[in-house]
Amino acid sequence: MKLLKNLDLILASILGVLAPIGPVVYTLTGVIFLDFIFGIYSAMRRKEPITSRRMSQTLPKLFLYNAIIIALYFVDKYVLQTGIGLEKVATSLMVFVEMKSCDEHFNNIFGYSLWSRLMDSIERGKSITKK
């Protein structure tokens, strides 16, 4: 009984230390899940077989990305003490990569890229403001 209580205390302590990066981890996990859904739908539209091998690539990516975020959080907070938020910078890069992957799947599904359309809109806006 005492061992169980100690485990509860240890788990609560770990969760308390990791609480500040919870939203970052949830955001990254959500984007990875979104890429997974787009990938499955894209494969279905192209009539490709959906295999467990391809689907299983998501889990290592999920664990690796989150491990990197947690490690960067500890390095930034307890070793470097920069206050920059290295885990947030790394998460931004990872989210960009995942969103680009979602855009590629979107292009396969619907035949156009949201990223390209966004960049075209920005260019049109720049050309209008220059006149």
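Visitor: Which residues lie nearest the centre of the largest pocket?
Guide: In this predicted model, the lining of the largest pocket is made up of 18 residues. Those that lie nearest its centre are Gly39, Ile40, Arg54, Gln57 and His105.

Visitor: What is the volume of the largest pocket?
Guide: The pocket in question is the one lined by 18 residues. Its volume is about 390 Å³.

Visitor: Which helix gives the most to the lining of the largest pocket?
Guide: Four helices each supply at least two residues of this lining: α2 (22-45), α3 (52-55), α4 (58-80) and α5 (86-110). The helix that gives the most, with six residues, is α2.

Visitor: How many charged residues does the lining of the largest pocket have?
Guide: Asp, Glu, Lys and Arg count as charged, and Arg54 is one of the lining residues. By class, the lining of the largest pocket has seven nonpolar and six polar residues, and its charged residues number five.

Visitor: Which helix supplies the largest share of the lining of the second largest pocket?
Guide: The second largest pocket holds about 190 Å³ of space. Both α5 and α6 (114-130) supply at least two residues of its lining. The largest share, six residues, comes from α5.

Definitions and conventions:
Residues are numbered from 1 along each chain as its sequence is written. This is a predicted model: local features need pLDDT of at least 70, side-chain atom pairs count only at pLDDT 80 or more; totals for chains, interfaces and linings use all residues. Side-chain values use heavy atoms; hydrogens and water are left out. On a 1 Å grid over the protein atoms alone, a cavity is a set of points where a 1.4 Å probe fits but cannot get out, and a pocket is an open set with protein on both sides within 12 Å along at least five of seven lines; lining residues have an atom within 4 Å of a point. Grid points are joined across faces, edges and corners, and a volume is the space filled by probe spheres set on the points.
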